[in-house]
Amino acid sequence: LTVDTPVVLTDRSIRSLELFTHEPDLRSQLPTQFTLQGNYPNPFNPTTNIVFDLPEAAEVQLEVYDLLGRLVMTSPIAPFEAGPSHQITVDGSSLASGTYIYHLSAQTASGEWVRIGKMTVLK
């Protein structure tokens, strides 16, 4: 980005000065891999945020299981752009106190990624 700015010199003449500002390359800020950062707070009541990074755009879905392997909660599939620190908020108000396993899957043009985490509901 360049901007022409008039400048008054010491001899009182006016000249134009070009200022250059650096625009960061957003590609260098993209994550290089699908990373599950975990959830916070943990333990929680009633909500927690599951945070993850995506190196490319993906259709993401979250499934929550109890320790017996029963599916107790699922999110609709949602599109996410590539980038860091995406989050999905889980409302655990309908869950009993205990430990749960969550399964985060991301379907991209290059394949499917899956990450698993553990969360605890305290009431």
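## Contacts along the chain

Of the contacts in the chain with a separation of 6 or more, 51% are between residues 24 or more positions apart; contact here means heavy atoms within 4.5 Å. This is a predicted model, where local features need pLDDT of at least 70, side-chain atom pairs count only at pLDDT 80 or more, and totals for chains, interfaces and linings use all residues. Residues are numbered from 1 along each chain as its sequence is written, and side-chain values use heavy atoms, with hydrogens and water left out.

## Strands from end to end

How many helices and strands does the chain have? The secondary structure comes to zero helices and 10 strands. Helices (H or I, at least four residues) and strands (E, at least two) are DSSP runs, numbered from the N terminus. Read from that end, the elements go β-β-β-β-β-β-β-β-β-β.

## Strand β5 and its partners

Let us look at β5. Two strands pair if DSSP finds at least two bridges between them. Strand β5 covers residues 58-65 and is joined by three bridges to β7 (residues 78-80), the two running antiparallel. In this pairing Val60 stands opposite Ala78. Seven bridges link β5 with β9 (residues 98-108), also antiparallel, and here Val64 faces Tyr102 as its opposite residue. In general, strands of a sheet pair through backbone hydrogen bonds, either parallel or antiparallel.

There is also an antiparallel pairing of β5 with β6 (residues 71-74), over three bridges, where Glu63 stands opposite Thr74. β5 and β6 form a hairpin with five residues between them, and Gly69 in the turn has a positive phi of about 90°. Is Ser75 buried or exposed? Ser75 is buried, because its relative accessible area is 16% (buried means under 20%, exposed over 50%, partly exposed in between, with a 1.4 Å probe and protein chains only). Apart from neighbours within four places in sequence, Ser75 is in contact with Gln61 and Leu62.

## An open sheet of three strands

Another place to look is an open sheet with the order β3-β4-β8 and antiparallel pairing. Its edge strands, β3 (35-40) and β8 (83-91), each pair on one side only. On average, neighbouring strands of this sheet are turned by 20° against each other, direction ignored; axes are lines fitted to C-alpha atoms, for helices over the stretch in contact, and angles run from 0 to 180 degrees between N-to-C directions. Strand β4 (residues 47-54) pairs with β8 over seven bridges in the antiparallel sense, and Ile50 stands opposite Ile88 in β8.

## Backbone details to spot

Strand β8 holds Ser85, a residue other than glycine whose phi is positive, near 55°. Ser85 has 49% relative accessibility, so Ser85 counts as partly exposed. As background, most residues other than glycine have a negative phi, and most peptide bonds are trans.

## Core, surface and a salt bridge

The largest nonpolar core has 21 residues, of which Phe52, Leu54, Val60, Leu62 and Leu104 touch the most other members. A nonpolar core is a set of buried Ala, Val, Leu, Ile, Met, Phe, Trp, Tyr and Cys residues joined through side-chain atoms within 4.5 Å. At least two residues of this core come from each of β4, β5, β8, β9 and β10 (111-121). Leaving out residues up to four places away in sequence, Leu54 touches residues including Pro31, Phe34, Phe80 and Trp113.

Buried residues make up 31% of the 123 residues in the chain. The chain exposes about 8,000 Å², with carbon and sulfur atoms supplying 55% of it; accessible areas come from the Shrake-Rupley method with a 1.4 Å probe, and for residues only the protein chains shown count as cover.

A salt bridge is a side-chain nitrogen of Lys or Arg within 4 Å of a carboxyl oxygen of Asp or Glu, and the count by this rule comes to one. The side chains of Arg70 and Asp66 meet in a salt bridge at 2.7 Å, N to O. Asp66 counts as buried because its relative accessibility is 11%.
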